[in-house]
Amino acid sequence: MLSSAQAPRLVRSPGLRLRPIKCLHTAQSSPLATTTTTAPSSQILTIRKSLLTQQTTAVDLAKSFLDRLRRTEPQLNSFLYVSPDDAVLKQAEELDNKIKNNEKLGPLAGVLVGIKDNICTSDMPSTAGSRILENYRPPFDATAVRKLKESGAIVVGKTNLDEFGMGSTTEGSAYQVTANPWDLSRVPGGSSGGSAAAVSARQCVVSLGSDTGGSVRQPAAFCGVVGLKPTYGRVSRYGLVAYASSLDVIGCFGSSVADAGILLHTISGYDKFDSTSSKREVPDFTSQFVGKDYLESKPLKGLRVGVIRETFGDGVDPEVISSVRGAVTHLEELGCFVTEVSLPSFSLGLPAYYVLASSESSSNLSRYDGIRYGNQVLGDELNSLYGYSRAQGFGSEVKMRILMGTYALSAGYYDAYYKRAQQVRTIIRDSFKSALEKNDILISPASPSVAYKIGEKKDDPLAMYAGDKMTVNVNLAGLPALVLPCGFVEGGSAGLPVGFQMIGAAFDEEKLLKVGHIFEQTLQVSSAVPPLIAGELTC
């Protein structure tokens with residue numbers, strides 16, 4: 001059962017520097033102008049209730065989001081493509097007619113969704129952030145997109161990303177640089193930075209991203225929203241432009257755990273078009289979202305939580321450590337039994353990931369040659385056509401990773417790099433399995449730092465790669481993980497969000513969502529609204 005949350009407590013731990021709680025409600029100009037508490041509530045459920053009770057119309061709702069998107073987009077650059085207003089409003093009008101005729105509504109009726117631009121959409125460009133796919137329009141929808149449309153969702157546009165998902169800042173897009181809604185001088189994370197920024201700035205209700213080594217979870221932490229990476233195989237990859245096929249998953253962004261869970265439930269399930277998708281039954285994730293009024297005094301009593309020791313060492317900002325430990329303290333107060341867990345192989349994940357991901361990308365991106373796929377640049381003969389098309393179509397980061405992967409797969413170095421990385425992957429998977437046999441969930445920071453300045457690490461790829469060390473191991477092990485805000489530190493005009501990561505056993509998203517929902521409903525450190533749109537909200 002879901003219900004609106006009550007005013008939460010603010011828990012502080014020693015050294016935790018948090019912004020004060022702010023009273024807020026939605027702007028009076030919004031068709032959903034109702035007073036809310038500081039704890040996140042489900043926008044999806046609020047929209048559905050407002051439509052069914054005819055407090056608002058789908059057209060008015062769509063107009064409010066489109067107005068905010070058009071106003072904020074010049075500053076953010078979250079989207080590479082935005083649907084024409086008349087196309088969005090036509091879908092909204094059709095939905096209003098269904099309501100008038102008492103027709104059945106899908107679970108996401110009237111919900112505006114942003115789609116990362118490496119996920120195929122039949123009626124919109126799908127460029128993967130690369131010039132080589134500029135103006136490409138697929139003849140089909142990705143399975144996840146098809147399921148969203150069947151559930152009544154309205155796709156509002158395609159969001160910006162690092163080219164082919166290769167990056168951690170969204171500066172690697174061939175088209176534009178996306179800004180962080182909390183501080184326009186900082187990155188939103190990557191590669192799904194456009195999807196995270198769009199949800200953070202309320203340009204759409206929820207969004208889809210992809211996660212190969214943390215590309216949903218790290219931008220979620222940087223932008224102060226919820227990011228959910230499902231178990232490998234839970235969601236079909238059909239229609240997702242491949243980067244590293246054994247690591248790629250489609251993930252979810254929302255402003256609350258409930259929204260991320262509802263979105264995941266909609267897109268999950270077996271797909272005959274994807275041989276790696278699981279035939280496991282999809283549980284009702286929404287059953288875990290119990291309202292605070294129905295919680296016991298110790299709602300997580302007996303839950304075993306393991307804090308990964310190796311994620312709190314050198315290279316992690318003290319303020320991030322302090323905020324995450326504050327979150328752990330709150331989990332203890334909710335009844336969790338917390339212990340420290342050591343994963344000695346954790347530090348091996350980063351080099352193993354970059355060998356494997358680069359190797360797979362070298363293979364996957366070979367199809368973009370100007371003949372089979374990709375825009376063609378003419379040459380005097382076939383080899384020069386290939387060379388010109390790829391040289392002008394790919395950006396520098398993509399070229400570097402292709403070269404790294406080709407080198408690792410070459411005859412003289414295969415055993416030394418690729419084979420060894422696969423062996424390390426097995427060790428990492430086994431270490432997580434062992435830790436999760438003794439613990440229900442594992443905890444770590446989502447990123448070693450908060451969002452950094454645009455351009456700060458662009459010329460230092462090793463420093464940028466190191467920012468993924470908290471997340472890549474989860475992809476190597478194929479496990480689900482949930483990131484949600486746990487505090488703010490100094491920076492910008494309103495502070496910068498800190499996120500923490502909860503890791504669960506394979507196909508145990510249900511438990512992660514339950515714990516995450518209870519956490520956010522009982523602890524809220526600040527208003528979840530970035531300064532970019534704070535002028536629309538008053539006490």
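The secondary structure of the protein, here a predicted model, comprises 16 helices and eleven strands, taken as DSSP runs numbered from the N terminus (helices, H or I, at least four residues; strands, E, at least two). The radius of gyration, calculated over C-alpha atoms, is 22 Å, close to the 24 Å that the globule rule gives for 539 residues, so the protein is as compact as a globular protein of that length. The globule rule is 2.2 Å times the number of residues to the power 0.38. Along the principal axes, the C-alpha atoms fill a box of roughly 65 × 55 × 45 Å.

Because the model is predicted, local features need pLDDT of at least 70 and side-chain atom pairs count only at pLDDT 80 or more, whereas totals for chains, interfaces and linings use all residues. Residues are numbered from 1 along each chain as its sequence is written, and side-chain values use heavy atoms, with hydrogens and water left out.

An automatic or database domain assignment divides the protein into domain 1 (7–347 + 423–537) and domain 2 (348–419). The C-alpha centres of the two domains lie 30 Å apart. At their interface, 33 residues of domain 1 are in contact with 27 residues of domain 2, contact being defined as heavy atoms within 4.5 Å. The area buried between the domains (accessible area, 1.4 Å probe, lost on putting the two parts together and summed over both) is about 2,600 Å², of which carbon and sulfur atoms give 62%. Ile132, Met166 and Tyr465 supply 29% of the area that domain 1 buries against domain 2, more than any other three residues.

Helices α12 (415–438), α13 (461–466) and α14 (472–477) are the elements giving two or more residues to the side of domain 1 that touches domain 2, and α12 provides the largest share, four residues.

The structure as a whole holds 15 salt bridges. One of these joins Asp117 to Lys158, with the closest N and O atoms 3.1 Å apart. Asp117 lies in the loop between β2 (112–116) and α4 (143–150), and Lys158 in strand β3 (residues 154–159), 41 residues apart.

Methods
Salt bridge = Lys/Arg side-chain N within 4 Å of Asp/Glu carboxyl O.
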